[in-house]
Every structure is written in C-alpha cells, then in structure tokens.
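Hi everyone, thanks for coming. Today I'd like to walk you through the aromatic side chains of one protein, so let's bring it up on the screen.

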Amino acid sequence: MATQTTGCGLAIPEISPSSVSICPRAAFYQRMGYQRDTNHNEPRLQRIFDNGTGVHLRLQDYLAKSGVLLLDELPVYNEEFQIMGHSDGLLRVGMGKCGILEIKSINSNGFNNLVTAKAEHIEQAQVYMYCTEELRQQLRENGAEYKEVILNNMRSIMEQFVVDGSKYTKEEKIAFELERWNSLCDILLKTTKPIDTMYFLYENKDTQELKEFIVEWDEEVLNGIFKRYDY
C-alpha cells in the first residue's frame with residue numbers, strides 16, 4: 001500500500017505489512033508522503049495485477065462458501081509502528097482459534113520451487129499476526145465497550161486521508177471500512193486463543209494447482225522487524 005494522501009496533499013505516514021521487506025529508503029519515501037514518479041502501470045503489468053486480484057476473489061469465495069473464511073480483507077492497524085493495511089482474510093481453524101489468510105498467485109517456475117513460504121512473506125506474516133493479536137488482547141481485556149473506542153479511532157484516522165472516488169463517496173468508503181472493523185472486533189471478542197498462525201495459499205497461475213504453508217509466530221523475526229521499523 002502506498003502512503004495515502006488527502007486532497008490537500010497531507011500524508012498519513014502508514015506502511016503496509018506487505019511492504020515490510022522493502023528497502024529503508026523506499027519505506028522512508030512512503031512514510032513521508034513523497035509522490036511516486038508515476039501512478040500508472042503499463043497495460044501488460046496492469047493485466048497481471050488484475051489477474052492476481054481475480055485469483056484472490058475466487059479463492060476467498062470458495063473459502064467463504066465452505067464456512068472457513070470468517071472475514072475477507074482483514075484490516076490491520078498499529079499506531080506505534082505506523083502500520084496499516086489488509087490481509088486476505090481471517091480463518092476459523094479450531095474451537096476459539098483463528099488464523100490469518102494470505103493468497104498469492106505465482107507462475108510455474110516459482111511454484112515448483114516452493115518448499116515453504118517465501119522469506120518476505122514470512123516477515124509479512126509476523127506483522128499481520130502481531131497487529132491482530134494485539135487487538136484481540138485489547139478487546140478481551142477491556143470488553144465489548146472497547147469496540148467503540150477502536151471504531152471511533154479508525155473513523156478519525158480515515159477522515160484524514162479518505163477522499164471521494166468516482167464510484168463511492170468518502171463517507172461510503174469510511175462506512176464500508178468501519179463495518180469491516182466492527183465485524184473483526186465481534187469475531188476477536190469471541191476468540192479465546194492467541195492468533196499465532198498465518199496460512200499462505202499459493203496458486204499456480206498456469207495450472208491452478210495450490211500449495212499451502214503455515215507460518216507460526218516467531219518472536220526473533222518480529223523483534224528484527226521492530227528494529228527496522230524504528231530505524
């Protein structure tokens with residue numbers, strides 16, 4: 001996720017979990033709100049991105065119909081490290097237990113060589129898990145009333161950078177996102193076990209074969225990420 005800007009050019013300096021492995025210089029430019037050299041992709045690259053989006057929507061639909069997917073486009077936020085973004089979903093993986101979902105599409109050469117999740121994806125997983133587990137603990141410790149604190153905080157943040165679009169108004173966008181946060185809070189209030197696993201589902205673009213890898217919470221990797229964020 002690129003740094004998001006308001007209509008008046010002010011930036012909210014957040015960085016997404018998917019950008020955790022980018023170089024510090026690129027992260028700095030994102031956080032400071034520098035505009036990209038270009039906001040447009042050449043047509044072939046855009047078609048590749050659109051195809052990847054289609055893979056996500058199709059697999060999310062399968063998982064939702066199976067009853068495994070509790071929430072698609074799981075929102076994440078952490079104020080301390082200025083993290084904001086979405087993973088592909090929240091899964092039911094056991095009684096009182098949830099796991100986070102991330103879907104990736106990959107060509108045959110890359111797919112055939114996969115024996116574990118990619119290194120940069122393992123780092124992403126730690127950030128997604130940390131943000132979501134921190135929120136779960138806050139809700140479980142403070143009770144359902146704390147949900148309103150979270151929703152008010154997220155509305156205040158989004159008011160700073162969300163703008164009207166060609167399809168939806170600013171208020172419609174905010175309302176849609178707040179509904180995701182509301183649903184997430186309701187799920188986490190009932191989640192009794194720590195969120196310490198993330199499920200990566202890789203689909204081969206050429207054959208639609210699937211590989212699943214489970215990434216577990218790793219304190220050492222997470223501490224390294226925090227040092228990088230601090231830097």
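Before we start, one cut-off: a residue is called buried under 20% relative accessible area, exposed over 50%, and partly exposed in between. Please keep in mind that this is a predicted model.

Let's begin with W217. At a relative accessible area of 29%, W217 falls in the middle class, partly exposed.

Now to the ring pairs. The structure holds 6 aromatic pairs. One of them joins Y130 and W217 in a tilted arrangement, with 6.5 Å centre to centre and 45° between the planes. Y130 belongs to helix α4 (residues 119–142), while W217 is in the loop between β7 (210–216) and α7 (219–230), so this contact ties together parts that are 87 residues apart in sequence. And what about Y130, buried or exposed? Y130 is buried, because its relative accessible area is 16%.

Y202 sits in strand β6 (residues 197–204) and F213 in strand β7, 11 residues apart. Both count as buried: Y202 has a relative accessible area of 1%, and F213 has 15%.

Stepping back to W217 and Y130, ring pairs link these two with F81, F226 and Y229 into a cluster.

One charged neighbour deserves a mention too: K211 lies over the face of F111, 4.7 Å from the ring centre.

Finally, the surface. F28, Y29, M32 and Y34 make up a nonpolar patch there, with about 440 Å² of accessible area together. Y29 is part of helix α1 (residues 24–32), and Y29 is partly exposed at 34% relative accessible area. Thanks, everyone!

Notes:
Residues numbered from 1 in each chain as written. Predicted model: local features only at pLDDT ≥ 70, side-chain atom pairs only at ≥ 80, totals over all residues. Heavy atoms only, no water. Patch = residues over 30% accessible without salt bridge, like charges linked within 9 Å, V, L, I, M, F, W, Y side chains within 5 Å. Areas by Shrake-Rupley, 256 points an atom, 1.4 Å probe, with all protein chains shown as cover. Salt bridge = Lys/Arg side-chain N within 4 Å of Asp/Glu carboxyl O. Helix = DSSP H or I, 4+ residues; strand = E, 2+ residues; numbered from the N terminus. Buried < 20%, exposed > 50% of the residue type's maximum accessible area, 1.4 Å probe, protein only. Phe/Tyr/Trp six-rings, centres within 6.5 Å; stacked < 30°, edge-to-face > 60°. Lys NZ or Arg CZ within 6 Å of the ring centre and 35° of its normal.
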